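This report looks at how a protein chain can be described from its coordinates. Please view the sequence and the structure together before reading on.

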Amino acid sequence: MIGKLLVTVVLPVCIAWNGIPSHAETVVSAVYGVTLRPDGVALPETQVLIHNQGDNSDQTVVSGADGAFVVANIKPGRYQLIASKDGFLTSSAAVQVKAHETLRVALALSARATAIAAAPSQPAAVPAEHAGTDAATVQAKTLEAMQERIERLETMQRRIEQLEAELRQVKAQSGAPAAASSAASVAQSAAKAAQPATARPAPELPLYASLATPSLGSLSPSARPETLSAGLGTPQTPAAPQAAPAAPAAPAAPAVDNVTPFADYDWTWLNGNPRNKDVAFDSKFFTPEIRADLTYTFDFNRPSDDSMGGSSELFRSNEIQLEQLGLGGDFHWDNVRARFMTQFGSYSTATIRNDPSYAKGQWDLADADRYLSEAYGGYHLNVLHGINIDAGIFMSYIGLFSYYNFDNWAYQPSYVSSNTPWFFQGIRIQIFPTHHLKIEPWIINGWQSYASANARKGLGGQIKYTPFPWLNIISNNYGLGHDDLYIPNRGRIHTDNSVEVKYYDKPEKTLDKMAFSFTGDLGCEFGGGVSCHGDTAGGPKQSFVGLMVYDRYWFHHDTYGFTLGGGVINNPGRYLVLLPPINGETAASAAINSPYFTENPGDPFKAWDTSGTFDYMPKQWLTLRFEGDFRHANVPYWSGSGGITPPAAGGLFPGTNNGYPTEYACMNGSPSVTPAGCATQGGLWNPSLRKREWLLDIDLMIKF
């Protein structure tokens, strides 16, 4: 408590005298704190590096004789504070500084191990004023002085709280900039309150703090001399009887943040999470979001029609393409919330073709919704750490990777992510029992579907747990739905589980961060002529088994990144294999027939892939990515040199879709129900498919 009170009383005064601008200037923000030894004693003359993670700028201060340091008039943003001193290991803390805000931070440095030969222990030196006095008397006098010091500091703390309340009242009446001009007078009052009641000097006491405490806000406000004496290496029970100190008031419970769960740690390192540390634009009503994703991909199979298959991220070879232009953001007012995000570009056609449900019935839902990646509204309840109830189109995040490539460690994820759903439509309930736990049930139309392929709806949900700043655990599960168009009694279950671990974090080093992610998926279909357990009476096995592993490295304050990864898949029945777009084939047409790449019960599909990704990230809003991928399947699957588009009328190449993807194509462009029907039409055309694919892509991604 002494450390907390000293910092609370002394450091605001330092900021007031040294960090408050003149009346003509505008208060920005400030960070102040204390550097500590492992035993909680103030560590003087410690260098503190303040790194702005938004613009990569640095400034350095040195703590004073009492360990206190002040960084005044800094811009709002995300900062990394790194304390260093010879003979000690470095200590760091990540903080988010808001406009007109003052933050307090404690940086405890561990002693560096040294190889010094053990020497006979020597008795501790006794201060001159206590020479000739027995240990019990010294202990009693020390405790008495500490008690007096604590009582005086508690009086000063109450005065500081009163002054802070007056300052808040001034701000409420005249606004933050105007209130800045009165800060100097408040500081003068605080300085008077900090003066001792008498001229008798008090003995110097250590700033007491737990080594496991990351910030001053969590230091105990109720520590008493009986507890503190344990740190002095003397018995806790004084020899001389003393009056029992008054019982301390119970500390106030910390305020519950019902709006921003997971806000106390920095999660920008996660795969599938945006790496922006700041918000570019914001208001009380609306937080806009802008995304742009452009890619150039070169497929070394060199398809003549530039058309690629087997991916939900890469679609055209040897062309510069707009993957997505997203315009949208979040509305929030009086606990009512809404979000939308557009998807102009390749996503608006490539994602929709993997959903067969819109083909059932009337009203063209594919055209109605294709330009929206997210669109929902809902209400926030101030219960627990928050409950959100939303309805509309929302992201599924099955497979860990985000639908938005800017958020990911790699551009082309492995099959576990690329082949599983990107969106759901229905109802989502997000429950946050604690700051680090989310329970999210779904009631949805089906597996990545705008509509329901059959009568039964789907149920699912996500559990997300982040017990430590270096660990993220996610489990997604889906079931109940009947998702195969024209097969009303076939059910599907799926479980997707991921763990992400940041196993190295040294912000002051060139290699500043390392992390890995592991994802494993299991699923199957049953009924309608297939089963989960092999060739039983229910039919052949229709299952999904896959995993993927990625390892990520960050360099030079996260300016550069490198990722290695890959995965495997085994999907007999091919119900989650992305259908190659041969002759314009889609999931809806394939539900009737796909003559060239079948998806019949028991059809085998095994594949594996690997990738290497290099990122240049000069700004938190911009990523320039270079990636190489190799993918292999046990059956011909990837586009070959001849392409996957049939010839046009007259046998011209490259051709065009003939409008009949459920039938065979002849060499003169006409369709045929059977291969034999092309005998008089110039012969049967076959797509050019290969078992392997080499890719190189260069990507420019922006997110505000």
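Predicted model: local features only at pLDDT ≥ 70, side-chain atom pairs only at ≥ 80, totals over all residues.

An open sheet is built from 4 strands, in the order S3-S2-S5-S6, with antiparallel pairing. Strand S3 (58-62) and strand S6 (91-97) are the edge strands, and each of them pairs on one side only. On average, neighbouring strands of this sheet are turned by 20 degrees against each other, with direction ignored. In general, the strands of a sheet pair through backbone hydrogen bonds, in either a parallel or an antiparallel way.

Strand S2 (residues 47-52) and strand S5 (residues 77-84) run antiparallel and are joined by 6 bridges. His 51 has Gln 80 in S5 standing opposite.

**Asn 388**

Is Asn 388 buried or exposed? Asn 388 has a relative accessible area of 7%. Buried means under 20% relative accessible area, so Asn 388 counts as buried. Asn 388 belongs to strand S12 (residues 387-395).

Its side chain makes a polar contact with the side chain of His 380, at 2.8 Å. Beyond the neighbours within four places in sequence, the residues in contact with Asn 388 include Arg 337, Tyr 379, His 380 and Arg 428. Ile 429, Gln 430 and Phe 432 are also in contact with Asn 388.

**Salt bridges**

How many salt bridges does the structure hold? There are 22 salt bridges.

| Residue | Partner | N to O distance |
|---|---|---|
| Arg 316 | Glu 319 | 2.9 Å |
| Glu 374 | Arg 339 | 3.1 Å |
| Asp 484 | Arg 492 | 3.7 Å |

Arg 316 and Glu 319 form a salt bridge. Arg 316 is partly exposed, with a relative accessible area of 32%, whereas Glu 319 is buried at 18%.

The side chains of Glu 374 and Arg 339 also meet in a salt bridge. This pair links distant parts of the chain, with Glu 374 in strand S11 (residues 372-381) and Arg 339 in strand S10 (residues 336-342), 35 residues apart. Glu 374 and Arg 339 are both buried. Asp 484 and Arg 492 are likewise both buried.

Which residues are linked with Glu 374 and Arg 339 in a network of salt bridges? The network also holds Glu 289, Arg 291, Asp 330 and Asp 407.

Note on methods: Residues numbered from 1 in each chain as written. Heavy atoms only, no water. Pairing = 2+ DSSP bridges. Helix = DSSP H or I, 4+ residues; strand = E, 2+ residues; numbered from the N terminus. Axes fitted to C-alpha atoms, helices over the stretch in contact; angles between N-to-C directions. Buried < 20%, exposed > 50% of the residue type's maximum accessible area, 1.4 Å probe, protein only. Polar contact = N/O pair within 3.5 Å; in protein donor to acceptor, adjacent residues only side chain to side chain. Contact = heavy atoms within 4.5 Å. Salt bridge = Lys/Arg side-chain N within 4 Å of Asp/Glu carboxyl O.
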